[in-house]
Amino acid sequence: MSALSEGVTQILIPVAALVGIGFALLQWFLVSKVKVSSSNDSSNGYQQEKLIEAADEEEEGVDNLEVSIKCAEIQHAISVGATSFLFTEYRYLGIFMAVFGAIIFIFLGSVRGFSTKSEPCTYNQGNTCKPALANAFFSTIAFLLGALTSVLSGFLGMKIATYANARTTMEARKGVGKAFITAFRSGAVMGFLLAANGLLVLYVSINLFKLYYGDDWEGLYESITGYGLGGSSMALFGRVGGGIYTKAADVGADLVGKVERNIPEDDPRNPAVIADNVGDNVGDIAGMGSDLFGSYAESSCAALFVASISSFGISHDFTAMSYPLIISSMGIVVCLITTLFATDLFEIKNVSEIEPSLKRQLLISTVLMTAGIAIVSFFALPSNFTLFDFGSQKEVKNWHLFFCVAIGLWGGLVIGYTTEYYTSNAYSPVQDVADSCRTGAATNVIFGLALGYKSVIIPIFAIAIAIYVSFSLAAMYGIAVAALGMLSTIATGLAIDAYGPISDNAGGIAEMAGMSHKIRERTDALDAAGNTTAAIGKGFAIGSAALVSLALFGAYVSRAGIKAVDLLTPKVFIGLIVGAMLPYWFSAMTMKSVGSAALKMVEEVRRQFNTIPGLMEGRGKPDYANCVKISTDASLKEMIPPGALVMLTPLIAGTFFGVETLAGVLAGSLVSGVQVAISASNTGGAWDNAKKYIEAGANEHAKSLGPKGSDCHKAAVIGDTIGDPLKDTSGPSLNILIKLMAVESLVFAPFFAAHGGLLFKLI
């Protein structure tokens with residue numbers, strides 16, 4: 001038995017979650033201390049927030065009360081736009097949740113003809129388990145809980161981001177260090193709320209389900225897998241819908257504003273500028289929050305399911321069974337300490353210190369978490385135990401699991417740093433892409449694509465090594481906890497990731513409010529570092545998705561009763577080749593959706609510039625609302641086909657072609673999807689930072705390519721606009737595709753095993 005008693009475990013997990021929530025609220029309070037006052041806006045009937053600083057805190061005699069009030073108005077417009085879009089999206093998703101919840105219940109309930117009689121356990125031979133109808137009901141409840149938690153994670157992230165963007169702008173008047181702390185603390189609010197809420201809801205769900213299931217842990221943890229399905233299904237629509245929204249606005253704003261009209265980024269004369277800033281929050285914040293929550297939920301569910309059919313579950317060792325949850329609890333504590341290094345222990349004094357500080361967060365959290373994993377592995381696990389290994393039980397020691405989690409954790413760091421090397425303009429790959437702009441957009445595109453393909457090599461080797469070591473030590477459970485290791489510092493990872501869009505918005509607000517060039521330089525420096533950290537966050541998400549989906553694949557194969565996945569079997573091979581095609585089909589859908597929406601946006605922005613008198617001179621006012629409407633309508637309409645492709649593929653493959661063909665589909669989509677996702681994200685990130693490298697003109701090489709508006713710069717902007725849907729829509733959504741199909745297959749595995757393969761049965 002474990003050194004840690006069940007009673008202590010039952011206290012430690014919720015306490016860690018509550019500490020995380022408390023720390024998030026503390027960070028929110030500290031951000032809110034940027035002084036505000038309110039005034040009633042009777043014309044609209046709402047209380048409008050005014051960010052008005054005391055006179056002694058104003059930036060050196062440049063900005064005045066009028067500029068401060070303008071910041072508040074812009075912040076309000078962004079917040080209203082983002083909230084309105086998410087509420088509209090959630091209405092659609094509410095219908096989806098109800099329909100898909102009913103499908104889960106009907107499919108799983110029909111496995112035993114909606115019988116209410118207990119039945120023999122699948123794995124724990126000689127014992128009786130709860131009826132299939134109970135599993136159907138509780139899987140549906142878990143699905144709804146996961147979906148609601150995912151939606152909440154995204155929504156809370158968006159609210160704090162829109163709350164903090166103008167505050168970051170105001171703090172930039174006092175120096176880059178103050179602005180950095182405000183943006184980072186705001187990101188930490190999202191990171192800790194998501195990590196703590198995900199852990200707490202999962203812990204409470206397990207304990208509530210246990211009231212019914214009692215000693216039937218096999219059924220309990222099988223039904224809990226619905227939690228991961230709910231989280232990822234919401235993440236898919238959030239990522240795709242938000243990605244289409246933000247990139248339609250971004251491409252429209254850039255192509256007309258920068259290339260055709262030669263006006264700066266985020267210029268208030270650009271009609272698409274508010275939609276662009278709203279998009280940062282609904283795509284990069286709410287979408288990423290739901291995405292990483294989905295990864296966390298699925299890796300936890302995969303590990304719990306495999307453990308439930310191993311010695312932990314059979315001997316009812318609750319502490320050992322809760323090992324994934326205790327790892328997450330330790331992660332919250334470690335991330336809390338790590339955050340203090342950025343906000344309290346080290347002060348940012350100049351621009352060059354921003355990126356090293358963010359990278360230091362990754363390293364500190366990884367080193368501290370390694371020690372934390374060792375402590376958890378020693379106290380929470382017995383010294384010897386057995387784990388399920390495709391029909392047999394594998395002998396494992398507690399230090400084996402320490403290495404599994406640790407290799408996932410350090411593999412994530414390798415992926416993060418590799419991503420940074422290929423997407424940061426401090427290194428030669430991005431500088432080479434920028435240099436290629438000398439001969440036009442075509443060579444820029446060629447160099448960018450080559451960079452993306454090359455950037456796949458090291459992450460794939462890192463994932464491959466993590467898979468081999470963890471599987472050798474602890475079978476499929478080892479891979480599941482390796483994925484959890486990569487996500488154990490999710491609070492820090494999300495803080496770094498959310499920091500980027502907040503800084504981007506802050507720069508936009510500074511430009512639109514007419515603040516001085518010095519302020520814009522500071523926010524641009526924050527944004528450039530945020531661009532790289534966003535790419536690092538995407539790298540983590542894709543790497544963890546590969547491990548998570550492989551662990552879920554193993555759990556699916558076990559639950560479906562497949563003895564071996566033989567690639568030479570025609571049933572499996574046709575699934576494999578179709579599965580490998582799916583990421584390309586999905587990417588085609590999302591890319592075309594962004595292109596169609598951007599086309600409408602470009603036409604609307606051109607129309608306004610041509611028909612609104614005095615718009616270019618600054619006398620006329622653009623119609624921001626119309627551009628927001630174009631992005632909203634396009635994203636809500638266009639997110640449905642890609643979502644349907646992902647959600648329906650496992651159901652069709654499993655029902656009509658059987659469990660073996662579906663296994664092939666999952667393997668093919670995993671192998672293909674990871675490569676496409678990494679290359680797409682890094683290509684887009686590199687093009688974006690190549691453009692920023694030219695704009696900043698920080699060294700002689702960059703100055704020779706500039707300034708803004710030069711032919712080189714225009715070529716870089718075209719590369720950036722091509723890369724926008726790659727890095728913010730298709731690339732990030734692909735990691736959800738491979739996870740979601742795997743977890744959906746696991747949830748429906750009992751139905752596919754009992755009734756699947758209709759087509760082959762008829763033939």
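1. In this predicted model, a salt bridge joins the side chains of Asp728 and Lys247, with an N to O distance of 2.9 Å.

2. Asp724 and Lys727 meet through their side chains in a salt bridge of 3.8 Å, N to O, and the two residues lie three residues apart in helix α22, about one turn of the helix. Asp724 counts as buried because its relative accessible area is 0%, and Lys727 is likewise buried because its value of 9% is under the 20% cut-off.

3. Lys247, Asp250, Asp527, Asp688, Lys691, Lys692, Asp720, Asp724, Lys727 and Asp728 are linked in a network of salt bridges, and the structure as a whole holds 25 salt bridges.

4. Are the partners of the pair Asp633 and Lys629 buried or partly exposed? Their side chains form a salt bridge of 2.8 Å, N to O, and both residues sit in helix α18 (residues 624–638), four residues apart, or about one turn of the helix. Asp633 counts as partly exposed because its relative accessibility is 39%, and Lys629 is also partly exposed, with a relative accessible area of 49%.

5. A search of the whole structure finds eight cavities of 30 Å³ or more, and the largest cavity holds about 290 Å³ of space. Its lining is made up of 26 residues, and those nearest the centre are Asp284, Asp504, Asn531, Asp688 and Lys727.

6. What is the make-up of the lining of the largest cavity, by residue class? The residues divide into 18 charged, five polar and three nonpolar. At least two lining residues come from each of α5 (217–260), α6 (273–308), α15 (490–512), α16 (517–559), α20 (659–696) and α22 (711–755), and α16 gives the largest share, six residues.

7. The second largest cavity, with about 100 Å³ of space, has a lining of another composition, with six nonpolar residues, three polar and no charged. The residues that line this cavity are Leu292, Leu362, Met486, Leu487, Thr489, Ile490, Gly493, Gly537 and Phe540. Helices α14 (457–487), α15 and α16 each contribute at least two residues to that lining.

8. Among the open spaces, the largest pocket has a volume of about 950 Å³. The lining takes at least two residues from each of α10 (354–380), α15, α16 and α20, with the largest share, nine residues, supplied by α16. By class, the lining of this pocket comprises 13 nonpolar, nine polar and 10 charged residues.

9. The second largest pocket contains about 580 Å³ of space. Of the 18 residues in its lining, Ala77, Ile274, Lys621, Pro622 and Tyr624 lie nearest the centre. The elements that provide two or more residues to this lining are α2 (65–109) and α18, and α2 accounts for the largest share, six residues. The lining of the second largest pocket has 11 nonpolar residues, together with three polar and four charged.

10. Ala166 and Val674 are 508 residues apart in sequence, and their C-alpha atoms are 36 Å apart in space.

Notes:
Residues numbered from 1 in each chain as written. Predicted model: local features only at pLDDT ≥ 70, side-chain atom pairs only at ≥ 80, totals over all residues. Heavy atoms only, no water. 1 Å grid on protein atoms, 1.4 Å probe; cavity = no way out; pocket = protein on both sides within 12 Å on 5 of 7 lines; lining within 4 Å. Points joined across faces, edges and corners; volume = space filled by probe spheres on them. Nonpolar A, V, L, I, M, F, W, Y, C, P; charged D, E, K, R; others polar. Salt bridge = Lys/Arg side-chain N within 4 Å of Asp/Glu carboxyl O. Buried < 20%, exposed > 50% of the residue type's maximum accessible area, 1.4 Å probe, protein only.
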